[in-house]
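Reader: I am new to this structure. Could you walk me through how its contacts get their names?

Author: Gladly; let us look at it together.

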Amino acid sequence: MAEGIILENVVKTYGSGETAVHALRGVDMAVAKGEVVGLIGPSGSGKSTLLKCLGAVIEPTSGKMTIGDQCIYDNGWKVRDLRALRRDMIGFIFQAPYLIPFLDVTDNVALLPMLAGKPNAEARKMARDLLDALDVGHRAAAMPSQLSGGEQQRVAIARALINRPPVILADEPTAPLDGQRALAVVGLLDDMARQFDTAIIIVTHDEKIIPTFKRLYKIRDGRTVQELQG
Amino acid sequence: MISLAGRDILHGWGKFVLTGVGLGLLIGVTLSMAGVYRGMVDDAQALLDNSRADLWVVQKDTLGPYAEPSSLTEDSERPIQAMRGVAQAAGVTYLTMQIAHGDKDVRVMVVGADMGEPGLPGQPTHLISGRQIVRGHYEAVADVKTGFAIGDRVRVRRNSYTVVGLTSRMVSSGGDPMLFLSLKDAQAAQFQRDSDAIVRQRARTATNPQLNPPGNPAVAQAVNAVQAGNANVNAILVTITPDANPDDVAAAIRRWQRLTVYTRAEMEEILVQKLIANSARQIAMFLVILSIVSAAIVAFIIYTMTIGKIREIAVLKLIGTRNRTISWMILQQALGLGLIGFIVGKIAASLWAPFFPKYVLLLPSDSILGFVAVMLICTLASFLAIQAAIKVDPAEAIGG
């Protein structure tokens, strides 16, 4: 199976000298296209730092990161426009949906292709098709404040998928949801990963969804330990 | 690309419009202050226009008759009349005073004009009803702003006058409406003393042997007659012939009559640069302060609105929105606020201008300048919020 994400010996150190904080001490990770993996670990273990490095929000200190066939970091950024990299190659799903409150559901999803230069009508059609696929097409004209928590998270997933990124990073996407809805969201992400050939990393503390992952990475003291699950 | 600013404004339009209305009232006050200044300048120019004079001849070395007291004898008019280039010359008196109108007092400028022949400078123009003064005494023409109507009786000092005509926009440089009397009546009102003062003056004359020589009472009578006379005017208004140059005629009057003469341009400078200069500076200070206050309010509002959207801005940046798209959104909101504020301010200033006690002139050019200033202030005021938005770290959207 082709790899969607490969991290090799990624290190992130904040500060220097005696006060240096080693958030990541050499993380290795590989997620195949169409695969959903879990990333767990105690608070302060480096999960968020890893997500930020992979999301091209902060720069690692060293190591190598590859998304799809493109090496984006090799002891230095290999991509000039990180903003475009985030827009075109990485989808984000947050703990809370963080939908833009002044845009309706369709435009929340269509915003990314619009930012990428797609005509509004085409971007909105893409958004409506995706919302239909995620069973929230009937709320396309609603404002985010009019949606339930589950619906908001589906819209957030649609926003993450709209540009068909090879990678989606999900930061505790089921935290605000009850057990059944949390499992539904993970199931949905699993379906979407297969359908769109996307590698998905889900950072979670949620005991309910951990057993659903086929592969799980544990991170502790800035190092990853892979655990296979049946 | 959709307008993020437009969507945000529509989402919370009530709050946005109310804020714009508040700002608009402040802009309305600013436009009104500019209108007050314009009104003062226009009043000064109306005074000069309505006098229909080309030259103002006044007491030597004074800035009279509007900016300083000026007094010269009425008969100075005749030699001026005879000079080359002079078409007409007429004495005029000006006296600002309070007169009773019903239960209230009205502040007016009493103008004494030579009504000897029609069209002399200083006579009332812009007559909207009634007629000019045709009798030698006890008739008046009033500006409508005095509140008098035709047929009303007006008491000025010791005498009463019947209003026979009404004018519009006949005001002093201070904006006080004018009340025209014949020159003789106005001289009496301005220079004639009351009976007790005359009695005391006559008693002083009687005790002075030089003015009342024994055995020759005719001398004292002649002195008393001179003292009771009212042959002074405040200025002589001069019109020149079409072929004459006002500066040349003014120079000739200065040289041969030894009086001070002002041309229209010089008189305009006295009124605008000297008489209302302090008021203009006062208003300019107000305008500066109001502009700073408006800028501070817009900056505060836009900054608060931006800070309230920090998480959304972080998400927008994380998903790839350019800084310039976010900056443009904030700038558009600031400009939108300014636009609403300006429209509200312009409407408010136009609505309340007629209720000001003095003339408020809202010039279209001032409105255009005000609009540009508002937009500029809003642009500058948005910089603080744009700075805050640019500093937002996209990582804030991710927990940890």
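Author: A salt bridge is a side-chain nitrogen of Lys or Arg within 4 Å of a carboxyl oxygen of Asp or Glu. In this predicted model, two salt bridges are counted between domain 1 and domain 2 of chain B.

Reader: Why is the meeting of Arg169(B) and Asp43(B) called a salt bridge?

Author: Their side chains come to 2.8 Å, N to O. The limit is 4 Å between a nitrogen of Lys or Arg and an oxygen of Asp or Glu, so the pair qualifies.

Reader: Which residues supply 79% of the area that domain 1 of chain B buries against domain 2 of chain B?

Author: The area buried between these two domains is about 460 Å². Asp43(B), Lys358(B) and Tyr359(B) supply that share of domain 1's part, more than any other three residues.

Reader: What makes Asp107(A) and Arg7(B) a salt bridge?

Author: The test is again a nitrogen-to-oxygen distance within 4 Å. These side chains meet at 2.5 Å, N to O, so they pass. Across the interface of chain A and chain B, the rule finds one salt bridge.

Reader: How many residues of each chain are in contact at that interface?

Author: 25 residues of chain A touch 25 of chain B. Together the chains bury about 2400 Å², with 69% of it on carbon and sulfur atoms. On the side of chain A, Arg83(A), Tyr98(A) and Phe102(A) supply 27% of the buried area, more than any other three residues.

Definitions and conventions:
Residues numbered from 1 in each chain as written. Chains lettered and ligands numbered in written order. Predicted model: local features only at pLDDT ≥ 70, side-chain atom pairs only at ≥ 80, totals over all residues. Heavy atoms only, no water. Buried area = accessible area lost by both parts, 1.4 Å probe. Contact = heavy atoms within 4.5 Å.
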